[in-house]
Amino acid sequence: MSGIDREVEYYERTKVDKRLIKIKDEDLFKAIEEVFDHRTLLNVQKLMRKGIIKELRGAVAQGKEAKVFWGIGPNGEDLAIKIFYVETADFIKGRYKYIEGDPRFEDLKRNPRKLICAWCSKEFRNLKLAYEAGVRVPKPVAVLENILVMEFISLGDKRGVPAPLIKDYPPEDIEKAYWTIIDYVKKAYVNGGIVHADLSEYNVLNTGTELVIIDWGSAVKNNHPLAKEFLKRDITNITRFFTKLGLSDVDVEEIYREILEEAGESEE
Ligand SMILES: Nc1ncnc2c1ncn2[C@@H]1O[C@H](COP(=O)(O)OP(=O)(O)O)[C@@H](O)[C@H]1O
Ligand SMILES: [Mg+2]
């Protein structure tokens, strides 16, 4: 199947998906109002007043921690607006190992809203580091408390349709895709000094021509006590997925050692 045919085929399969239904402004506002607190709504308005977001379109994805919207920027460009839920204390569970010992998170542990805002701003900063390191990620645009604004990654040229995850829409050239992702992992570590720490087929989008790594909230600096462990786990997880697709003869240990070596570190 050609690239376009594959794209059309994927599109057909997901056509009834609610994500593709565009909501009129008023309904959308109501929908947002039901999910988010007043302060979040004011912050959305603030971003609009500042001209960072010109228009808010429909929701494209809904996770346990955040809802992602499609929006339009001042120059007509597509934006992804990730809004973290602030009233879910659940969010904090399972996250301590990523923030423990990180001075940026001191004092925040007892205040869920503050913690979530700090998490959101951490995702923004990580995104910036990865972007500047040459990793293909959504270009970071702005952050305000629990709202993260970034480049919208669409499927081909279908505006407002988010590029699918590689788990649902695997790349055609497995080998090439795998090494592209490994190269991004390396660039993030060597040039950006960070490890994604939640890398898997659930956090890589496939536009049809590009692979884009998203969801950098869990990322840690290379001096984090678990950075190397996370680095190896990232390589292991992504390798496992591509091996299922038919990739062979890949040595996770070797890739891991090579990355450390290139960063001028050695394994203890
Ligand atoms: N920049 C983006 N462009 C398009 N879609 C996005 C973007 N960021 C996230 N999404 C969509 O939102 C979903 C959830 O985003 P993610 O950052 O992985 O949040 P979560 O913490 O809920 O896993 C993604 O699987 C994708 O469908
Ligand atoms: Mg995710």
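Which residues do ring pairs link into a cluster? They are Tyr178, Trp179, Phe241 and Phe242. Rings of Phe, Tyr and Trp (its six-membered ring) pair here if their centres lie within 6.5 Å.

Before going further, a word on what you are looking at. This is a predicted model, in which local features need pLDDT of at least 70 and side-chain atom pairs count only at pLDDT 80 or more, while totals for chains, interfaces and linings use all residues. Residues are numbered from 1 along each chain as its sequence is written, chains are lettered from A and ligands numbered from 1 in the order in which they are written, and side-chain values use heavy atoms, with hydrogens and water left out.

Let us start with the overall picture. The chain has eight helices and nine strands; these are DSSP runs numbered from the N terminus, with helices (H or I) of at least four residues and strands (E) of at least two. Of its 268 residues, 50% count as buried, where buried means under 20% relative accessible area, exposed means over 50%, and partly exposed lies in between (1.4 Å probe, protein chains only). Among contacts with a separation of 6 or more, 62% come from residues 24 or more positions apart, a contact being heavy atoms within 4.5 Å.

Now back to the rings. The structure holds six aromatic pairs. One of them joins phenylalanine 36 and tyrosine 85, which are stacked at 5.6 Å centre to centre with 25 degrees between the planes. Phenylalanine 36 sits in the loop between helix 2 (25–35) and helix 3 (38–49), and tyrosine 85 in the loop between strand 3 (78–84) and helix 4 (96–99), so this pair ties together parts that are 49 residues apart in sequence. Both phenylalanine 36 and tyrosine 85 are buried. The rings of tryptophan 70 and phenylalanine 152 make a tilted pair, because their centres are 6.4 Å apart and their planes stand at 50 degrees; planes under 30 degrees apart count as stacked, over 60 as edge-to-face and the rest as tilted.

Next, follow helix 6 (residues 174–190) to helix 8 (residues 252–262). The two pack at an angle of about 35 degrees, with their axes 9 Å apart; axes are lines fitted to C-alpha atoms over the stretch in contact, and angles run from 0 to 180 degrees between N-to-C directions. On the helix 6 side, the residues in this contact include Tyr178 and Trp179, and on the helix 8 side they include Ile255 and Ile259.

Glycine 192 touches Leu129, Ala133 and Lys187, leaving aside residues up to four places away in sequence.

Finally, look at the magnesium ion (ligand 2). Asn203 (OD1) and Asp215 (OD) coordinate the ion at 2.2 to 2.3 Å; donors are N, O and S atoms within 2.8 Å of the metal (3.2 Å for Na, K and Ca), and water is not among the atoms, so sites may look incomplete. Asparagine 203 counts as buried because its relative accessibility is 5%, whereas aspartate 215 is partly exposed at 26%. Serine 218 lies in the loop between strand 8 and strand 9, and is buried with a relative accessible area of 7%.
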